[in-house]
Amino acid sequence: MLTIPQDIYDAVVAHARRDHPDEACGVVAGPEGSDRPERFIPMVNAAGSPTFYEFDSTELLALYKDMDARDEEPVVVYHSHTATEAYPSRTDIGLASEPNAHYVLVSTREHGNSEGPVEFRSYRIIDGVVTEEDVTITPTAATETVQSQKRSTP
Amino acid sequence: MAIEVRIPTILRTYTDGAKSVEGDGGTLSALIDDLEGNHPGIKERLVEDKSGSVDLRRFVNVYINDEDVRFIGGLDAELSDGDQVVVLPAVAGG
């Protein structure tokens with residue numbers, strides 16, 4: 001099961017809406033081994049395509065070095081489908097290379113850039129086998145929000 | 001000559017779970033052959049046969065000292081003692 005805070009869920013959905021009709025992609029990092037998606041990191045879709053996504057190779061390296069330095073791992077790897085359902089495509093399955101990650105698919109096919117319900121589904125993809133899992137949304141972690149506000153105060 | 005090679009999660013089955021291993025070689029190609037000697041099976045995951053010649057797999061990124069090897073000669077990219085090599089599978093899909 002994927003357990004994800006409301007604010008991060010909202011950020012993933014907003015990113016998918018914003019980039020529609022191109023696919024949006026990104027990661028939610030969390031402490032290694034914790035299974036807690038905590039740090040939302042939207043990525044540029046270097047493919048800039050409605051049918052494909054790929055992290056830019058230089059940004060990919062920077063992302064992994066940063067996560068490494070923070071003892072984090074990609075807890076969620078997300079991307080959107082803009083014309084089809086929120087289910088991993090054959091390409092998604094073939095290229096999935098994070099066996100510990102939750103692969104989140106958001107479909108914007110219904111409402112595009114507009115408000116309205118979106119499909120938000122989560123999967124494990126291991127050795128070509130897709131297993132859908134439940135998604136539980138938890139209230140935004142209030143203490144962390146307060147802390148980050150404090151940090152940003154000059 | 002020692003070169004540190006960072007191994008991504010998905011390939012750690014070949015390195016007994018190690019996040020990084022040491023290798024040896026004057027080029028990326030030689031380094032991969034050296035890795036294959038100690039971690040059999042890993043080469044197949046990094047390179048493929050493309051119309052008769054061996055090349056890096058399309059969705060595998062390799063960096064030498066933070067530079068994507070595709071911009072510095074690919075498998076022929078040169079290595080020196082103390083270099084750091086990072087292997088990262090592309091994050092991509094359809």
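Glu54(A) stands opposite Ala92(B) in strand E8 of chain B. That pair belongs to an antiparallel pairing of strand E4 of chain A with E8(B) (residues 92-93), made over two bridges; two strands count as paired if DSSP finds at least two bridges between them. Helices (H or I, at least four residues) and strands (E, at least two) are DSSP runs, numbered from the N terminus. This is a predicted model, in which local features need pLDDT of at least 70, side-chain atom pairs count only at pLDDT 80 or more, and totals for chains, interfaces and linings use all residues. Residues are numbered from 1 along each chain as its sequence is written, while chains are lettered from A and ligands numbered from 1 in the order in which they are written.

**Confidence**
- The predictor gives the complex an ipTM of 0.93 and a pTM of 0.91.
- Chain B has a mean pLDDT of 96, with 100% of its residues at 70 or more; pLDDT is the predictor's confidence in each residue, from 0 to 100.

**Where the chains meet**
- Chain A brings 20 residues to the contact and chain B brings 15 residues; two residues are in contact if their C-beta atoms, placed from the backbone, lie within 7 Å.
- On the side of chain A that touches chain B, the elements giving two or more residues are E4 (53-54), H2 (57-69), E5 (72-81) and H3 (90-95).
- H2(A) gives the most to that side, with five residues.
- The residues of that side of chain A divide into nine nonpolar, eight polar and three charged; Ala, Val, Leu, Ile, Met, Phe, Trp, Tyr, Cys and Pro count as nonpolar, Asp, Glu, Lys and Arg as charged, and the others, Gly among them, as polar.
- H2(A) lies across E5 (60-64), E6 and E7 (84-89) of chain B, at about 105 degrees to E7(B); axes are lines fitted to C-alpha atoms, for helices over the stretch in contact, and angles run from 0 to 180 degrees between N-to-C directions.

**The sheet of chain A**
- Six strands form an open sheet with mixed pairing, in the order E3-E2-E5-E6-E7-E8.
- Its edge strands are E3 (39-43) and E8 (129-133) of chain A, each pairing on one side only.
- E2(A) and E5(A) run antiparallel and are joined by seven bridges, with Ala29(A) opposite Pro74(A).
- E5(A) pairs in the parallel sense with E6(A) (residues 102-107) over six bridges; His81(A) has Ser107(A) as its bridge partner there, and Val76(A) stands opposite His102(A).
- Helix H1(A) (residues 6-19) lies across E2, E3, E5, E6 and E7 of chain A, running at about 50 degrees to E6(A).

**The core**
- Ten of the ten residues of E5(A) are buried, meaning that 20 or more other C-beta atoms lie within 10 Å of each residue's own, with C-beta atoms placed from the backbone.
- The largest nonpolar core has 55 residues, and those with the most contacts inside it are Val76(A), Tyr103(A), Val104(A), Val106(A) and Val85(B); such a core is a set of buried Ala, Val, Leu, Ile, Met, Phe, Trp, Tyr and Cys residues joined through C-beta atoms within 7 Å.
- Beyond its neighbours within four places in sequence, Val104(A) is in contact with Val12(A), Val76(A), Tyr78(A), Phe120(A) and Ser122(A).

**The sheet of chain B**
- Five strands make an open sheet of mixed pairing, ordered E2-E1-E7-E5-E6.
- E1(B) (residues 3-6) and E2(B) pair in the antiparallel sense over four bridges, and Val5(B) stands opposite Val21(B).

Conventions: A residue is buried if 20 or more other C-beta atoms lie within 10 Å of its own, exposed if 12 or fewer, and partly exposed in between; C-beta atoms are placed from the backbone.
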